[in-house]
Amino acid sequence: MENLQNTPKTLHIVMFPWLAMGHLIPFFHLSKILAQKGHKVSYISTPRNLSRIPKIPPKLTHNIKLVSLPFPNVESLPEHAESSMDIPHQKAQFLKIAFDLLESPLVTFLESTTPKPDWIIFDYASHWLPSVASKLGVSTGYFSLFTAATQAFLGPPSQLLNDKVKPRSTVEDFCRVPEWVPPDSNIVYRPHEIMKYTEGAVGNQSGVSDTVRFLSSIDSCDLVLFRTSVEFEPQWFQLVCELYQKPVIPVGVLPPSLENHEFDDYGKCNVEIGELTRWLDEQRDNSVVFVALGSEAVLSDAELTELALGLERSGLPFFWVIRQSITDSIQTLPDGFLSRVKGRGIVYEGWVPQVRILSHYAIGGFLTHCGWNSVIEGLAFGRVLICFPVMNDQGLNSRLLSGKKLGVEIPRIETDGSFTSEAVAESIIVAMVSEEGEVLRANAREMKRVFGDRTKNDHYIDACIHHLVEMRKP
């Protein structure tokens, strides 16, 4: 791939992510990489979200500008709620109403800022942005923070936006392989996953479904950027190129960095990192299961109980991070659980620097919700995955990963999503220590070459910049 670090054209790129930490952070990560290459970036979000992202490294402050748009007042949202992590899943539609109301102040910024932006890189929710940008003569790129497999499952945008095409509307529609996907694919939803997803779309108060937001954003933009590696999912990447019929550019997986600690400092850790890792320092190499389910997952008391008892039944050491957003979660753990696992398991309530924990030599496996950000971080360090999808695209990711034998998915009852502690324990044992799981562990270690290779990712970035320079509007 051509290296364009010294390209004579400096781009001005506007970044406009959806209001979720799993979107804000990778958009900011890409912003820093573009700034390191000498380009100007205007990163736009709302006040509270801008306060949550990492600090701009001092050497990049002249290339990255944070632009704060006032968060609109939407009556049904709690006070100070500006992100999906601030609200229950059932209120997601009201957050989209607020997000759509950012259109006017965003247009004001785009009309007044100098120099004029060359590109707006945007997220799935702002389906209205390409038409706005087109009127201003600014190019648009949709930045997919989902795997190519997930986006391929959504389908061909132009075809599905046609009023004559009947949209998928039933649970069964999403639980079978669509016609545009190879019939032997295992990447489909389970019934309980679709029913949970619809909890956040009941009433469709924003007036635009997520499916239409996705498809319209892709169909109307000038090019599509993917946070993925062609080496990881070549067939799926080729399929989205065929489905989209427009330039589709991989930016690589944007691997995590231990050299630049600002990648990890968007949370507030209540204790020193040394105190957190002291227990890990005493464990054997690759012996500990790290358990973290993202910033939005909320488990019922029954689910929390079965997960806890499964970790206990496995007999293996574990480090379990429970987000503080899950109300009184520590108090709802099974009676006597903490005393029974004392010394063998750590349960920590709050935020921890996930990348640093995953990089520790004692961590062997990662029990994850299968959010794409977390998957990338786990595989960048070669950790075998115990897949426990909770919401959104996570079920599709889990099927992709288990199909590639990079981990094992904890079995659930397909209709209601229930699971047992026995299933949790058996899945952990297979992934971590059993003979049948050796292929999983070996494959995960091999993925370090794909997900942890910063040089390879740099080539992806240079190729992406080349396309942005060549395709910008005059």
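**Reading cavities, helix pairs and the backbone**

Author: The second largest cavity has a volume of about 40 Å³, where a volume is the space filled by probe spheres set on grid points joined across faces, edges and corners. A cavity is a set of points on a 1 Å grid over the protein atoms alone where a 1.4 Å probe fits but cannot get out. The model is predicted: local features need pLDDT of at least 70, side-chain atom pairs count only at pLDDT 80 or more, and totals for chains, interfaces and linings use all residues. Residues are numbered from 1 along each chain as its sequence is written, and side-chain values use heavy atoms, with hydrogens and water left out.

Reader: Which residues line the second largest cavity?

Author: Lining residues have an atom within 4 Å of a point. Here they are S229, E231, G252, V253, P255, V450, D453, K456, N457 and Y460. Helix α21 (residues 454-471) gives the largest share, three residues; helices are DSSP runs of H or I with at least four residues, strands are runs of E with at least two, and both are numbered from the N terminus. By class, the lining has four nonpolar, three polar and three charged residues. Ala, Val, Leu, Ile, Met, Phe, Trp, Tyr, Cys and Pro count as nonpolar, Asp, Glu, Lys and Arg as charged, and the others, Gly among them, as polar.

Reader: How is a pair of helices to be described?

Author: Two packed helices are described by the angle between their axes and the distance between the axes. The axes of α4 (residues 103-112) and α5 (residues 129-136) come within 11 Å and cross at roughly 25 degrees. The pair is therefore roughly parallel, a term for angles under 35 degrees. In their contact (heavy atoms within 4.5 Å), E103, L106, V107, L110 and E111 of α4 meet L129, V132 and L136 of α5. This contact has six nonpolar, no polar and two charged residues.

Reader: At what angle do the axes of α13 and α18 cross?

Author: The axes of α13 (residues 301-314) and α18 (residues 421-432) cross at roughly 45 degrees and come within 7 Å. These helices are therefore oblique to each other.

Reader: Where does a cis peptide bond occur?

Author: A cis peptide bond joins T114 and P115, with omega about -5 degrees. P115 is in the loop between α4 and β4 (119-122).

Conventions:
Axes are lines fitted to C-alpha atoms, for helices over the stretch in contact, and angles run from 0 to 180 degrees between N-to-C directions. Angles under 35 degrees count as roughly parallel, over 145 as roughly antiparallel, 65 to 115 as roughly perpendicular and the rest as oblique. On a 1 Å grid over the protein atoms alone, a cavity is a set of points where a 1.4 Å probe fits but cannot get out, and a pocket is an open set with protein on both sides within 12 Å along at least five of seven lines; lining residues have an atom within 4 Å of a point.
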